[in-house]
Amino acid sequence: MTSFNAILELIKLELKMEWRMKYAIAGAILYVVTTVFVLYTSIQNEESTPWNALYWMLALFIAVNAITKSFALNKSGAHLYLYQLASPIQIIIAKTIYNLCLVFLLLLVSFGVFSLFLGNPIEQIGLFIITLFLGSMGLSLVLTFVSAISSKTANSGVFMAILGFPLIIPIFLSLIKLTTITLQSEAGEYLSDISVLIAIDVILFGFVIILFPYLWRD
Amino acid sequence: MLDKIATFASKVGNPKIIVLAFSLLVIDNGLFAQNNISFHTNGKIYLVIGVLAAIFIGIIGFLVYLERKLNKLEKQINNNE
Amino acid sequence: MKNHWWKILAVLLLLYAIIMGLFVPLKSGILGLTPREFKTDQKITTHVKTYNTDFTKGVDGSSIAYIKINDKFKLYADLVKVVDKNTLALDFTLPALLPSIQKKWPYTIVVNDKKHGAFVRPDAIVLEQAALNLDAAISNWPKQIEKQLLFPDELNFPFRPILYESIRNTFYHVPLWFGMVFLLFGSVIYSIKYLRKPNHNFDYRAKSLTSIAVLYGMLGCVTGAIWAKGTWGTWWTFEEIKLNVSAVAMLIYIAYFILRSALVDEEQRARVSAVYSIFAFVAVVLLLFVVPRIATNSLHPGNGGNPGFGGEDLDNTLRMVFYPAIIGWALLGFWLGQLHYRYSILAERLNDEFE
C-alpha cells in the first residue's frame, strides 16, 4: 500500500510541476489542435485528392523534422568563429538555401517512394517538379525562421509546430491547389497560382531578411 | 409569453414582478408590436440580442480579469508598506 | 480631457451604432406566397404573406403588384385586396404563353404601395406553361398600363430573407473582426518601434493590444456562431473559409502568448515576440488574400459567387451605421488595451521597487 501511495505522490508532484509550467500544457494542447487543423484543411479542401493531401501532409512533417535542428547551436570553435565573422543576413540565407536543398531532395525521394507504393497520378511531371521546388522554398523559408525563434525556448520541438504550422497554411493551401492542376492531363490555368506562390515566397523572404538580424543578436 | 408573465405577476401580487412585467410589456408594445412581431416570430431579433449580450459578457469578463489583477497589485503595495 | 477625446468619440460612435442599429426599422418584405405554383392560361388568386407591414392603415388602395417575367415583360395583378395587416390577395390573369424560354420557372414578384414602398422577392412564384413559343407569347402579350413605383421617404435597413432582423448584427459582429485587424496593426507598429529602440513600454503596448485583439477575435467567433446558428442553422462550419481564416489567426496569436510565457529573459522575450508578431501579421494578411482564392463557394458576402460588401450587400443605410460602428469598436479596443497597458506598467514598476 505504501508503494502505491508513493506512486500517487509522484504523480501528484509531476502534475504540480506541469501545472507550474502552464505554457507547456497550453503548448501541448495547441500542438494537437494545430496539427489536426492542418490535416483537416488538407483533406477537406474540395480540390484535393487523398494522394495530394497525404503527400503534402507528409512533406510538412518531413520539412519540420529536417529543419528543427538548424539552430540547435553547435558551440564548437569552428562554428562559433564562422558565426562571428558572417553577418546575420548571410547566415540566414546560407541556412535557408541549405534547408531548401535538403527539403527539395527529401520531397523528391518521398515522391519516388510514394509513386512506388501508392501509384503516380501526376500527369504533368515538369509542373509538379516546379511546384515541389516552390513549395520547398516556402517551407524552408518559414520553418528556418521559426526554428530560429523556437531555438530560444526550452521546448523547441513543440514550438516548431505551434508557431510554424499556422504560418505555413497559406503556402500549404496554394501547393495543394497547384498539385491538383498537375493531376489533369492537359495544362490548365496555372500561371496565376504559380505567381501567387512566388509572390508569397518573395514577401516572406523579404520579411525574413529584415527581421532575422534582430533574432540573431544574442 | 409576456401576457402570461403579466397575468402571473398579477396573481402573485409581488410589486417588483408587476413592475418588471409592465416594463417588458411597454418595451414589447413600443418596439415590436408596431411591427406586429415579437421575439418568437421569424423576425430573429433574438440573434441581435444574443450577439450584443455575448459582447457585453466578453467585455465585462475582461474588466473582471483586470480588476482581479489590480486587487493583487494593491495587496502587494499594502503588504510592503 | 485633452487626451481623452478619442474615448468620448468611441462612446458616441458606439451609442450611435447601438441606437441606430436597433431602432431603424427594417424595410417591408415578402415572406412567401400561398399557393406558389401555377399552370398558365387561367385566372388565379394567391396570398402574399409580408413582413413588417400594416395594410389596413395608410395604404388607401395604392397597392399594385406584378410578376416580373424578365426585364421587358411584367404581368400586373388585376386586383390587389387587403386580407389583414400582413396579407394581400392578388388576382392575376395568366396568359397561355409566357415570353420566356423556360417551361417551368420561378419568377420574381414585386409589390408596391405608397406607405411601404416596393418589396421584391425573387423566385417567389412558379409558373408552368404548356408549350414554348416565344414569338407568339410576345405578340399575344396583354396590353397593360405601366404603373409608377412609389417610394416613401423613410430610413430603413434592407429586408433579406433568412437574415430578417439579424441583419443588424452587421454593426456588432463584423466590426469586431475589423477592430481586431486594426488592433493587430497597432501592435505591429509598437513591435517595430521596439525593434528600432528597445524600450519596454513599447513591448507592453504591443502585448496589450494583441490581448485585446485576441479578445475581439474570440468574441467575433462566439457572436458569429450565434448568428450562424440562427441563420445557417449550425454553430460552426469548416467549409466556410472565413471561419477557417479566423481559426488560423486565433491559433497564430494564442501561440504568440505561449511563446511569450516560454521566454524567461525579459529583453529577449520582448525582442523575439516583436519579431514573431510582425511575421505573424504578414502571414495573416497573406492568409486573407490567399485562402479566398482557393475557396470556390462561401456563405459570407464577398467570396466565391457571393457579391461583396459594398456591392448589393451593403446599402447606403447600412453603411451609414456600419462605418461609424467599425471606428467605435476599434477605438473601444484601443481604450481597453490602454487600461491593460497601464496595469502592466504599474505592476512592473512595483516589482522593480520591492525587489
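Q: Which residues of α3(B) meet C:Leu215, C:Leu219, C:Val222, C:Thr223, C:Ile226, C:Trp227 and C:Gly230 in α4(C)?
A: This is a predicted model: local features need pLDDT of at least 70, side-chain atom pairs count only at pLDDT 80 or more, and totals for chains, interfaces and linings use all residues. Residues are numbered from 1 along each chain as its sequence is written, while chains are lettered from A and ligands numbered from 1 in the order in which they are written. Contact requires C-beta atoms, placed from the backbone, within 7 Å. The residues of α3(B) that meet those of α4(C) are B:Leu47, B:Gly50, B:Val51, B:Ala54, B:Ile55, B:Gly58 and B:Phe62.

Q: How many charged residues does the contact of α3(B) with α4(C) have?
A: Ala, Val, Leu, Ile, Met, Phe, Trp, Tyr, Cys and Pro count as nonpolar, Asp, Glu, Lys and Arg as charged, and the others, Gly among them, as polar. In the contact of α3(B) with α4(C), ten residues are nonpolar and four are polar. The count of charged residues is none.

Q: What is the angle class of α1(C) to α7(C)?
A: Helix α1 (residues 5-23) and helix α7 (residues 316-354) of chain C have axes 8 Å apart. They pack at an angle of about 135 degrees. That makes α1(C) to α7(C) oblique.

Q: How many nonpolar residues are in the contact of α1(C) with α7(C)?
A: α1(C) brings residues including C:Trp6, C:Leu13 and C:Tyr16, and α7(C) brings residues including C:Val321, C:Leu331 and C:Trp335. Two residues of this contact are polar and one is charged. The nonpolar residues number 15.

Q: Which element gives the largest share of the side of chain C that touches chain A?
A: This contact takes 31 residues from chain C and 36 residues from chain A. On the side of chain C, two elements give two or more residues: α5 (241-262) and α6 (266-294). By class, that side has 25 nonpolar, four polar and two charged residues. The largest share, 16 residues, comes from α6(C).

Q: How many polar residues are on the side of chain B that touches chain C?
A: Here 22 residues of chain B are in contact with 27 residues of chain C. The side of chain B has twelve nonpolar and two charged residues. Its polar residues number eight.

Q: Which are the edge strands of the five-strand open sheet of chain C?
A: Two strands pair if DSSP finds at least two bridges between them. The order is β2-β9-β8-β4-β5, with mixed pairing. The twist averages 35 degrees from one strand to the next. Each edge strand pairs on one side only, and the two are β2 (37-39) and β5 (74-76).

Q: Which residue stands opposite C:Val111 in β9(C)?
A: Strand β8 (residues 104-113) and strand β9 (residues 117-128) of chain C run antiparallel, joined by nine bridges. A hairpin of three residues links β8(C) to β9(C). C:Asn112 stands opposite C:Ala118. Opposite C:Val111 stands C:Phe119.

Q: What is the bridge partner of C:Glu37 in β9(C)?
A: β2(C) and β9(C) pair in the parallel sense, over three bridges. In β9(C), the partner of C:Glu37 is C:Val126.

Q: Which residue stands opposite C:Gly32 in β3(C)?
A: A four-strand open sheet of chain C has the order β1-β3-β7-β6, with antiparallel pairing. Its edge strands are β1 (29-34) and β6 (79-84). Five bridges join β1(C) to strand β3 (residues 42-51). Opposite C:Gly32 stands C:Lys49.

Q: How many strands does chain A have?
A: The C-alpha atoms of chain A fill a box of roughly 70 × 50 × 30 Å, taken along the principal axes. Chain A has eight helices.

Notes. Axes are lines fitted to C-alpha atoms, for helices over the stretch in contact, and angles run from 0 to 180 degrees between N-to-C directions. Two residues are in contact if their C-beta atoms, placed from the backbone, lie within 7 Å. Angles under 35 degrees count as roughly parallel, over 145 as roughly antiparallel, 65 to 115 as roughly perpendicular and the rest as oblique.
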